[in-house]
Amino acid sequence: MSDIPMQDVTVVQAPPRAPRLRVPPMVLFGLGWLALMLLTAVLADVVSPYAYTALDLRNRLSPPVFMGGTWLHPLGTDELGRDVLARLIYSIRMSLLIAFGATIIGALIGTTLGFLAAHFRGFVEQVVLALVDFSASLPFLILALAVLAFFGNSLTLFICLLGLHAWERYARIARGLAVSAGSQGYASAVRQLGATPWRIYGRHVLPNIASTLIVSMTLAFPEIILLESGLSFLGLGVQPPATSLGSMVGYGREYLTRAPWILLAPALTIVLTTFSVSLIGDWLRDQLDPTLR
Amino acid sequence: MTALLKAEGLVRRYAMRRGLLGRSVEVRAVAGVSLTVERGRTLGLVGESGCGKSTTGRLVLGLEAPDAGTVAFQGQPMSAPGTVAWRSLRARMQMVFQDPLGALDRRLPIGVQVREPFDIHGIGTAADRPARAIEALRAVGLRPDQAARYPHELSGGQRQRAVLARALATEPELLVCDEPISALDVSIQAQVMNLLVDQQERLGLGILFISHDLRAVRQVSHRVAVMYLGTIVEEGEPDAVLHEPAHPYAQALVSAIPHPGRRGGRIVLQGDPPNPADRPGGCAFHPRCPIATALCAQEAPLLKPRAVDGRLVACHVAHGDALPGAGEVRRAA
């Protein structure tokens, strides 16, 4: 018996570490909804029953099916006879692009600047903190108005601008957590192994603080959707004939009493999407933490 | 042959601010420490909390730059922290931390973390690094299947073994252990210390063993240095220093070791624990010293060999420059 090599014994002893992945029903719903939204956005040209600018002047303000309408326009039409479902589908594509793009840009800028501040300290840190305070104290709407008025409106500029919306939050979080990780514990241990700053921040600090950043992103995501709605409502966001969830809501507001379906469909989509993102973010944070598994 | 590590006159000051508008006060955490670590030998560094032991450890590793003094590793001066030369030197000098859970990344399995030194210093090919990591784990008595465990799934002793495996992965020549056992159970402490001694024999390590546990230091050290308020007050063979301490502070420290069956004979120091921001003049220990004389309040004693047996002591009385006083200096002054 004693001749059995050590490896064989230990392999047998190795406990089966089957990852138990039990997804709660609410998260399942969130994942499903978000998948549906992403599919809709990607396949907008295929699934849309009409072009989003197509007019059907004989069926203006026709109600949706469940309010006594016809299957010709399942979610009804607006006052120009444009199909609400078609507009909703293209709005989802536009809004998801803006919200995801802006959230990711904001997280990238903020985390990078936060890490730079934590790594170099001194002057760099002061500059970053001054920018953070500047950004936090300036009403974002005024900044947005100024930028859009000076540089005109394009989708790329609009997404980048919204990306600046919440970057200071990520910067603060990333800086604070990186400083505390660097002064004691794993980051200083890896530093004294001779690791480059890339490895320390990319491989160790970032995964460790990712849960906080992800929660912050799930909070920023709905805010950006709502901000986009507000700016679109002011005529500074997505320009007609292009459409977004926010501009649909702003536009449908005028027909709230006569044709509430114009507003309700995009509003419900905003609520469900932001809700799903929050649910998934919360669940993801727990899943990414091996100590909570 | 040059010593593995030679530190000369290390000084490290910190600025500390008192209150909202207070002046910043200079704190000398390390006030002129010289020490030498030889290959295959262990230097134990003992002293109470806040006496500058850990700072000394960080200084000799080059993790912090000293304000004065030099550190030479194999005769070469230490490069500035963060430079490429400094980073590549990390493969040859490593540190073991007090809190193994804090020193390990809790999001990575320990196998991956033990592999990191190979990745960082480009040792071996990417294909054989996992096998090398397993080998490093095996060398410290961890099972290969534990490589897949996360730090929180291991016991305290196993974590410290993992930290040791990571530190020894590159086969360094110098190991600084900063209170490596004080966070462990007594039964585990012995295991980790035996492991250290075994690894020292295997690799010919020079070890700087920092601890406040005198018995642990005596068990692993070839030489012992006693620190008080940023300076070394006595240095010599562990048995000699810990049996017959020459410096009054070392005497008090040794008498504090609990002994079964001993009655009395314990030296209880007077006064407050030392404050590095407010160093007394002369010998730093004189306000608490039971045998202080007038000379002690005026002139700081140098660390030099005692005439009788050549042991390094920094005390006027031990050198016979002054007759033992009654420690009345503090009240008289």
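**Entry 1: the domains of chain B.** The model is a predicted one, and in it I took the assignment for chain B, which gives domain 1 as 5–106 + 169–226 and domain 2 as 245–333. Taken over C-alpha atoms, the centres of domain 1 of chain B and domain 2 of chain B are separated by 25 Å. I then looked up the contacts between these domains and noted that eleven residues of domain 1 of chain B are in contact with ten residues of domain 2 of chain B. On the side of domain 1 of chain B that touches domain 2 of chain B, the elements giving two or more residues are β2 (24–37) and α8 (214–220) of chain B, and β2(B) gives the most, with four residues. By class, I recorded for that side of domain 1 of chain B seven nonpolar, one polar and three charged residues.

**Entry 2: confidence.** For chain B I noted a mean pLDDT of 85, with 96% of its residues reaching 70 or more. For the complex, the predictor gives an ipTM of 0.80 and a pTM of 0.78.

**Entry 3: where chain B touches chain A.** How many residues of chain B are in contact with chain A? I found 24 residues of chain B in contact with 20 residues of chain A. The elements giving two or more residues to the chain B side are α2 (84–89), α3 (100–103) and α4 (110–121) of chain B, and α4(B) gives the most to that side, with four residues. I also wrote down the classes on the side of chain B that touches chain A, which are twelve nonpolar, four polar and eight charged residues.

**Entry 4: a helix pair in chain A.** I turned to helix α5 (residues 122–137) of chain A and helix α8 (residues 167–183) of chain A, whose axes come within 9 Å and cross at roughly 140 degrees. The crossing in which α5(A) passes α8(A) is left-handed. Which residues make the contact of these helices? From α5(A) I listed A:Val128, A:Val132, A:Ser135 and A:Ala136, and from α8(A) I listed A:Trp167, A:Glu168, A:Ala171 and A:Arg172. I sorted the residues of the contact of α5(A) with α8(A) by class, and they divide into five nonpolar, one polar and two charged.

Notes
Residues are numbered from 1 along each chain as its sequence is written. Chains are lettered from A and ligands numbered from 1 in the order in which they are written. This is a predicted model: local features need pLDDT of at least 70, side-chain atom pairs count only at pLDDT 80 or more; totals for chains, interfaces and linings use all residues. Two residues are in contact if their C-beta atoms, placed from the backbone, lie within 7 Å. Ala, Val, Leu, Ile, Met, Phe, Trp, Tyr, Cys and Pro count as nonpolar, Asp, Glu, Lys and Arg as charged, and the others, Gly among them, as polar. Axes are lines fitted to C-alpha atoms, for helices over the stretch in contact, and angles run from 0 to 180 degrees between N-to-C directions. A crossing is left-handed if the near helix is turned anticlockwise from the far one by less than a right angle, and right-handed if clockwise. pLDDT is the predictor's confidence in each residue, from 0 to 100. Domain bounds come from an automatic or database domain assignment.
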